[in-house]
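Okay, thanks for coming, everyone.

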Amino acid sequence: MSRNLLWRFLFAVFVVLWSVWELYPPQARDLLEFFESQASNRDANYTNIVARARELQQANPLRTFSNLMEAVGTNDLTRFFPTIKLKNEVNPTLAILYQLQRNSAGQIKLGLDLQGGSSLRVAMDMSYLETNKTAQAAGRELVLSQAIEVLRKRVDRLGVTEPTLTPVGDNEIEIQLPGLSEAVKDSARRTIEKVALLEFCLVHPESDQLIRQDLTAPGYHVLKMKRRLRDGSGREEYTPYLVKRKPEHGLTGHLVSDAGVEPDPITNQPRITLEFNREGGDLFARITKENVGRQLAIVLDGELYSAPVIEEPITGGNAVIRGDFTIKEAYELANVLQNPLEAPVKIVQEYSVEPSLGKDSIRSGIHASLIGTILVSVFMLVYYLLSGLVANVALLLNIVILLGVMCSIDTTLTLPGIAGVVLTIGMAVDANVLIFERIREELAAGKSIRGAVAAGYDKAFGTIFDSNVTTLISSAILIWLGTGPVKGFGVTLTIGVAVSMFTALVVTRIVFDWLLARGWLKSLPMLQFIKETHIDFLRWSKPAFALSWTLVLIGVVWGIMRGREVLGVDFAGGDRMTYSFVKKVEVEELRKAIAASGVSESFIQFQKDLTAGSEVLQVTTPYGKGTNVVDVLKQQFPDAQFVKLADSNIGPTVGAHILRTALISTLLALFGILVYVAFRYEFSFALGAVVAIIHDVFMTTGWFCLTGREFSAPMVAAILTIIGFSINDTIVIFDRIREDLKLGIRGTFKDVINIAVNQTLSRTIITSGTVFLATVSLYVFGGPVINDFAFTFLVGILTGTYSTIYIASAFVLWWHKGERPKIGSAQVAIDTAVPARV
């Protein structure tokens, strides 16, 4: 084995082992059993703790952590868990329980639809509107909408992925979080309720003297600054200051544009850095210039955090908050400072929630995903034989590395997410197909097996690189600008593209080079269902172009005519009903009964109040459909004795802000693709690619509307995926057109395009076919929950494959008015050209 091959092999092994390490353990272990397995120095006291915890667990199995904490009581756990290292913890026992829960958690984080989680109902204090003129002008609806976006950002910054935030009524918001550790839940509760009213107020110049005399001054009040003693006792001391009641020149937290955490260079304690916007920076500079030598109090939610002396004017627009923070407290505070609320909120109820999908839906979705993966693998093995086996090895490693990377960044896996991974696998085959088809061409040209493999990888690299870079441009912009599910999709797409490039270009090459080095690879047989073709595809370009855009117009008009009916609960909101019951009914049975009554979309979830222990059923439907559900439940399930406890109107979970960022991100992604393709190819190619993407998106959404479906949150991800698929297919054919032009292939520009399409026809059919196989399995076997997602992508695959020829390529041909663009050889013998024929 050569040194180069050895280093590549070792690097690939390292990546795979690291991914396996990040994946382990994939599933969560029982916390109580883990507690027992990790403990040492056991005694009678320990035995009593475990016995009491098991007794509480039998009474309330959903509160394992709380049961264990109650069983521990005032006992000190440090002697039972000496291997858990603690650093200056105020409550060591609680810190140990938090650490045990983190260690017992599985690495694969499941979403609300698969695992359930926690639900927090928060109420906004609307009395704030009476005293705040800006909030009054905005009105209740806008203040509630602003609160949802702020809370979403706060939860996102905690590292919680795929949360669901829903406006309920006039002043409440429901926040559902996938299964979290108690430590993260506690942090989420504190972060959610903190208003973050930051004020910069001057300290009275004679503060110490007045306080000693127990005096105050007009316009001032006494605030105390807390400091935790560093002697390990956990005690705190307070220093009083006489602080101005109103912020100086109105400088408050709404003028802060960014907040972060860094170590203090003097004390090495965490401190919070602030960056003001232009108005805030000017005010801060004015205050510090006018008050050199005085103390400036930094007050957050009425609590004094620091009161530094202004030593000189500060004109850089930055400030620092020093306080007695732990690192965790500092990050939480920086989070809420960056996302301040307009009105206070308070958690009024907390539930544990079961998975929003029934067991049958989860099982059918996972089975469909497995079937899709197996179909793709079997096809590759049968069609490409040994090369297909190598591709399947790369495919398996692709899944392992993809999941490993997702676990390392704590990505939450939902059922649509699993479907997305399957589609990523189908699309990952594309790079292997490009390489194998190139190797086939080189072998047909008479090259040796070693030369064919080397040339195949070299010639396919540019195409693979360009097609994946255009997709990465889109995903990077989604991460940069997106929020919530849009940003999450961008992260997953980026990981998928990067991993597929690694396995296709690095892993498979290592296998082939090793087989060649050992002398075991003498030939590389492959099946070939599609031989050399000479089809005049562009013969039908004009009628196909006209028919295509006509269908787009019909679909869009039909969608507009349907109005709000085309929007599902995720986008339009709906009716939410809460029921008590005597006998529990499976979610899947409820979903089927409700669907049979004509309610096409419903969100069904059992919730258990963590305080009272009572369990209720919540059903959410489109507006006006709630009464249908009441009748269906009573008729179909009389034994359950459903009784309606409450009904309310809820707002959309996909708010205007998410839609706006998704639209802006998509437009910027199209611009990025336009620039890159223009730089790598030619401006007309770039325009053709963008026009094809726009066509594919509108065609897919048009057919979605024509079939009477309703848009839901997963549709955003499906449409964004179609953009990636569309540009990928277009780049492959554009790359071959450019290559043929550079080689000086004889003929008109139309002939060159036809030749390029025929040369890549096998690859196009195989790639689209494998992705189609994976998607059909999701559509047929995946159940109703991911049916719309699969349908959208089925239409997208067919449209994307078609548009590459009849939209993108045709557009480029007409742009140049049939003349060859100035790429490659200028010597073209048009008169001797042999046009492609059917």
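**Cavity, pocket, rings and a bent helix**

So, H14 gives the most to the lining of the largest cavity, with 4 residues. Helices here are DSSP runs of H or I with at least four residues, strands are runs of E with at least two, and both are numbered from the N terminus. Before I go on: this is a predicted model, where local features need pLDDT of at least 70 and side-chain atom pairs count only at pLDDT 80 or more, while totals for chains, interfaces and linings use all residues. Residues are numbered from 1 along each chain as its sequence is written, and side-chain values use heavy atoms, with hydrogens and water left out.

Back to that cavity. Its volume is about 120 Å³, and 14 residues line it, with Leu434, Arg438, Val732, Arg736 and Thr760 closest to the centre. At least two lining residues come from each of helix H14 (415-444), helix H15 (449-481), helix H23 (713-743) and helix H25 (761-781). In total we get 5 cavities of 30 Å³ or more. The rule runs on a 1 Å grid over the protein atoms alone: a cavity is a set of points where a 1.4 Å probe fits but cannot get out, a pocket is an open set with protein on both sides within 12 Å along at least five of seven lines, and lining residues have an atom within 4 Å of a point. Points are joined across faces, edges and corners, and the volume is the space filled by probe spheres set on them.

Now the second largest pocket, with about 840 Å³ of space. It has 26 lining residues, and Leu663, Val697, Thr701, Phe711 and Ile719 lie nearest its centre. Helix H17 (541-562), helix H21 (656-680), helix H22 (683-706) and H23 each give two or more of the lining residues. Which helix has the largest share of this lining? That's H22, with 7 residues.

While we're at H14, Arg440 lies in that helix too. Buried or exposed? Arg440 has 12% relative accessibility, so it counts as buried; the cut-offs are under 20% for buried, over 50% for exposed and partly exposed in between, using a 1.4 Å probe and protein chains only. The C-alpha atoms of Arg440 and Leu524 are 8.5 Å apart, though 84 residues separate the two along the chain.

On to the rings. The whole structure has 27 aromatic pairs. Take Phe379 and Tyr383: their centres are 5.5 Å apart and their planes at 10°, so they're stacked. For the record, rings of Phe, Tyr and Trp (its six-membered ring) pair if their centres lie within 6.5 Å, and planes under 30 degrees apart are stacked, over 60 edge-to-face, the rest tilted. These two are 4 residues apart in helix H12 (residues 359-384), so about one helical turn separates them. Phe379 is partly exposed at 24%, whereas Tyr383 is buried at 2%. Ring pairs link both into a cluster with Tyr384, Phe436, Tyr457, Phe512 and Phe529.

Last stop, helix H26 (residues 787-815). Its 29 residues reach 39 Å from first C-alpha to last, close to the expected 42 Å, which is 1.5 Å times one less than the number of residues. H26 bends by about 50° at Ser803, taking the angle between axes fitted to the seven residues ending there and the seven starting there. Of its 29 residues, 24 are buried.
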